[in-house]
Amino acid sequence: MNISYNWLRELVAVELSAEELRERLTMRGLEVEAVTQAGDDYVLEVAVLSNRADLLSHLGVAREVSVLMGVPLRQPDATPVQAEGRAENFTAVEIVDPDLCPRYAARIVRSVKVGPSPEWLVKRLQAVGQRPINNIADITNYVMLETGQPLHAFDLEKLYERRIVVRRAQTGEKLMTLDDVERELDAEMLVIADGARAVALAGVMGGADSEISATTRDVLIESAYFSPASVRRTARKLGMQTDASDRFERGTDYEGVVRAQARCVALICELAGGAATVDAIDVYPQKIEPPTVTLRLPRVRALTGLPIEPQDTIRILTALGCEPVQAAVLGGEQMPADTTALELATVYPGATFSFAGPSWRTDIRIEEDLIEEVGRHFGYEHMQDELPAANAVGEYRAHEERRRAARRALVAQGYSEAINFSFIDAAHDEQFELLPALKARANDGTDHFVTLANPIIETAARMRPSLLSGLLAAVRHNFNHGTRDVSLFETGRVFAARGADEERPHERDALALVTTGRVREAERATASREVDFYDLKGALEAAIEAMKTGALEFAATDARHLRAGQAARVSLAGQAIGTVGRLADEIAAAYKFRQPVYVAEMDFAALLAARPAPARYTPLPRFPSVVRDVTLLVDRHVSFAELRRAVLELHIAYCQSAEVIDVYEGEKLPEDTRAITLRLEFRAPERTLRDEEVDVLYGQIVAALGQKFAAHLR
Amino acid sequence: MRRWILALDISHWTLTLDVRLMEQPEAVREAFEQEFGRFARFRGAESAAFDGLRLADVETTLRELSDLRTRHTGKKSALANLKKQIGRAAAEERAQFAQAVQQLEARIAEEIAKVERALQDTAARLRTERERLDVTLPGRRIRRGHVHPINLIRQRLEDIFVAMGYTVEDGPEIENDFYNFTALNIPESHPARSPQDTFYTTDGFALRSQTSTVQIHAMQRRQPPLRVIAPGKVFRRDTPDATHNPMFFQIEGLVVDRGISMAHLKGTVTEFLRRLFGTDVRTRFRPSYFPFTEPSAEFDFSCFKCGGTGCALCKQSGWIELGGSGMVHPNVLRAAGVDPAEFSGFAFGFGIDRMCILLYDLDDIRLLFENDVRFLEQFD
Ligand SMILES: [Zn+2]
């Protein structure tokens, strides 16, 4: 809302400069976003809060200034210079639908001379950003900007039967509005009609047919109170937003209808000549009662913490137009009728008052609303910094330490943390194997994705069921910007539709990793080597180790988004929780990746909730161990895990561990074979083993392996 | 060489001939000196003879010198022979002869040692040069990654609030109408509910448009007194530009207890900002309007960059706008099953992304979700 400084000062005589006003108003909740000079005037751009319809007017802002400065408000003159005849002699008003229009007033000005407005009026309208049209239209505009009451002028001659009917439109009824657009109406929209047809869209815009023209002689000035919800609905439905609808939607001053009209009529008589009727036809079948709000005086201090005296409370509220209508003190004592509210509050600081909210303040409904008004005008700058008494100890989210440990470990492994949008392209739907926790839900036959009804762009309508599409998009972004070595991780929620018996969609914390390019050393430009599956697996293991969940198990698997033969299923305590592997060629091609990309996705929630694997002491060995290496030439399908399990399951006495030293595959070996060198460690708890003993045990193991895997010892 | 053999030969049968006897050390000395001649120039490590010599040359010379020593002082050397002769010499000459031999031995040893020391010093010096490290080269370690700036700040905020006695809470990102709007006292007609502003799923759920939803969950889960913060992701239908994203991060604070006032709110926000920016931070409230609080206020804090005198960051105002706050609306308390007659509370909220902009001087928040590693690497 643009407020003219000069105009404001006509309504309240303040000695503050425009800049001082800006500061003071801002600190009272009327944020002045800018002050600009316009000739000999200044324009204050006030960002009006959405609950304050009354501030969409100069009078409303002036009222705040008047309370702020303790200077009285000056109501503008509203007496027409010439008045004769009663309005009912010239027109008639009927409200068919009072639920949508509780009050409608019409007043006539006859024999006006339509023409340009005087210079002062033009200047003022232009200063606040309005385009002058003609004196009649300009005056209705001017009075709206002054009082907040939207007004409309009809050419009386053009109203069929010279009368007004306020009713709901008929379905399919048409109306050409002032902007020369033909509107098709529905039965929920309120229109102003004459004896025959709709002539205005109530509270939104007038009709072209009854518009004021150069030849107009007699005008009908409409001033009304329309139901905010009705105007909002109509404006929304037709995609219209006007100065009038803005005000009606928020709630206008239902008691100010006739006064604003009188002001308008007085100005027309003064600036366009003509004679007004002495009165208006004011149809107001049921008087609107402002809500009565109870205020316990001590609550003001209690809720704000400000040192507000009861007298301050009464003074501020009264100045704002809240009328104390009733008071009660403890014990129900009756007050002498001539006691003022101020006196009462002084004597009984614990009293309870009832206030009738002013008709222009639709936002005042409960005690807290009154308290805010008092606190705001008392000044928040007087508020002390206090801390509430402690009643509990602080607490992180469950498993926060694990979240942070995983993050730290991955960062140490060279991975940077990504955050991607939660909505993705539905094109990724079938691309990725979902986490077991989500996949299980997908099998109940329903649509297992969560979809946005109103995405910003069509390619971001799916709530992500996997973090991988986001990470791969991030890899592509980095490739496009010249970074070829990329290691990223993300933790965040993935989504699945709710099952039939569930209250809401399913959300689950996931952890995903992606790595591609070369292993990079800190502060060195040269990269050592290409990353591979084992780098990603290692990073994952490092994260899991830091989380202290116990070790993960890896087993070869097939997953939709992973290249066959380079994919592993990951389990924790026997339960599958994710996959790791090299991105499948088709997906890589879709992203135009020309280098291997490795990805992993884990059920982070399962990891977070896993039982912790606490450290436990094992006595240190007292005797040295003996190690023996064995190189086995085995079929490529035989995994290290199988070999190790085979060794350990022999339960050979004193054989403590079998670890891999080296894996060799190459042209020196027969096709489809590889050589794995294991190191076996033997130790007896009570003595040093002799070489001959170990040789025997070693022999048993090698023989057993040979039998099981047809492994050749080299 | 021949002379030396000759001398040996002679010694066998001229043991008693004193003149000859005394001539023998002299001959051995001459023989030594003739061979030692080429090493003599290396006496003293600063000798010019070392100039331009490479380590390999020095090491070779050292080896040759060692051979020379063996030849001239070893078991089979002429000197050793002389020493054997001492016992056989006539008694009256023995002392003189022995002295001559000892002098010769000492002299040879000294000559060799002197050169050897110089050579060794030089070798050590050259070896040091050759093995000198460039200590300015970077240490060897894997290039580490970086935590996302949003989470860096989020962790910091959580740490501060936990230290102030708050519990960190979270709620669903996909909400139903009750939690996202109704319980927060947002009326049916409020524009925030429109599909223009809020994302809806096809089955009628809303992506939470503010972390205030967690207020309701938290109050339902724990009865007051309580104090919680709720950091998290929120969604609004804004088209991305330098200052907007359709997804961003907020943090919400909520305290409900008996006798909670707005001054507690102000004190809490001030305390938190001081822990984040330093003890000289001041805060101020500007009256505002939010459906879920009454009274409501926006809070500003004195610019941490200029201290309030005005700079580019605070647009010369000395104040930085941070977020919204207020006393929890009684309708919100009721919606969560808390009796407003007994309890009052305050709530505040602000954007973590906005904090990123402030702390890191970010000029385009779209960078936050592009995950460009050149961007991510800048934060610690
Ligand atoms: Zn500053």
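**Salt bridges within and between the chains**

Modeller: Both A:Arg504 and B:Glu175 are buried. Buried means under 20% relative accessible area, exposed means over 50%, and partly exposed lies in between (1.4 Å probe, protein chains only). This is a predicted model, where local features need pLDDT of at least 70 and side-chain atom pairs count only at pLDDT 80 or more, while totals for chains, interfaces and linings use all residues. Residues are numbered from 1 along each chain as its sequence is written, chains are lettered from A and ligands numbered from 1 in the order in which they are written, and side-chain values use heavy atoms, with hydrogens and water left out.

The side chains of A:Arg504 and B:Glu175 form a salt bridge, 2.9 Å from N to O. The bridge crosses between chains: A:Arg504 is in the loop between β23 (486-496) and β24 (506-516) of chain A, and B:Glu175 is in strand β2 (residues 174-175) of chain B. Helices (H or I, at least four residues) and strands (E, at least two) are DSSP runs, numbered from the N terminus. A salt bridge needs a side-chain nitrogen of Lys or Arg within 4 Å of a carboxyl oxygen of Asp or Glu. Why might such pairs form? Side chains of opposite charge can pair when their charged atoms come close.

How many salt bridges are there over all chains? The structure holds 93. One of them joins A:Glu367 and A:Arg296, whose closest N and O atoms are 2.6 Å apart. A:Glu367 belongs to helix α12 (residues 367-378) of chain A and A:Arg296 to strand β16 (residues 292-296) of chain A, so this pair ties together parts 71 residues apart in sequence. The two ends differ in cover. A:Glu367 is buried because its relative accessible area is 9%. A:Arg296 is at 39%, so it counts as partly exposed.

Chain B has a bridge of its own to look at. B:Arg71 pairs with B:Glu35, with 2.2 Å between the closest N and O atoms. Again, distant parts of the chain are linked: B:Arg71 is in helix α3 (residues 55-73) of chain B, and B:Glu35 is in helix α2 (residues 18-40) of chain B, 36 residues apart. B:Arg71 has a relative accessible area of 43%, so it is partly exposed. B:Glu35 has 31% relative accessibility, which means that it too counts as partly exposed. Some bridges share partners. One network built this way takes in, among others, A:Arg397, A:Glu400, A:Arg404, B:Arg154, B:Glu158 and B:Arg208.

Now the place where the chains meet. The contact takes 90 residues from chain B and 81 from chain A; contact means heavy atoms within 4.5 Å. The size of an interface is often given as the accessible area lost when the parts come together. Here chain B and chain A bury about 7,700 Å² between them, 54% of it on carbon and sulfur atoms. That area is what two parts lose on being put together, found with a 1.4 Å probe and summed over both. Ten salt bridges are found across this interface. A further example is A:Arg498 with B:Asp203, at 3.6 Å from N to O. Helix α9 (residues 262-277) of chain B gives the largest share of chain B's side that touches chain A, nine residues.

Most residues other than glycine have a negative phi, and most peptide bonds are trans. The peptide bond from B:Pro224 to B:Pro225 is cis, with omega near 0°. B:Pro225 is placed in the loop between α8 (213-221) and β4 (226-235) of chain B. Helix α8(B) is mostly covered, with seven of its nine residues buried. In chain A, A:Ser111 has a positive phi near 55° and is not glycine. A:Ser111 is in the loop between β5 (103-110) and α4 (119-127) of chain A.
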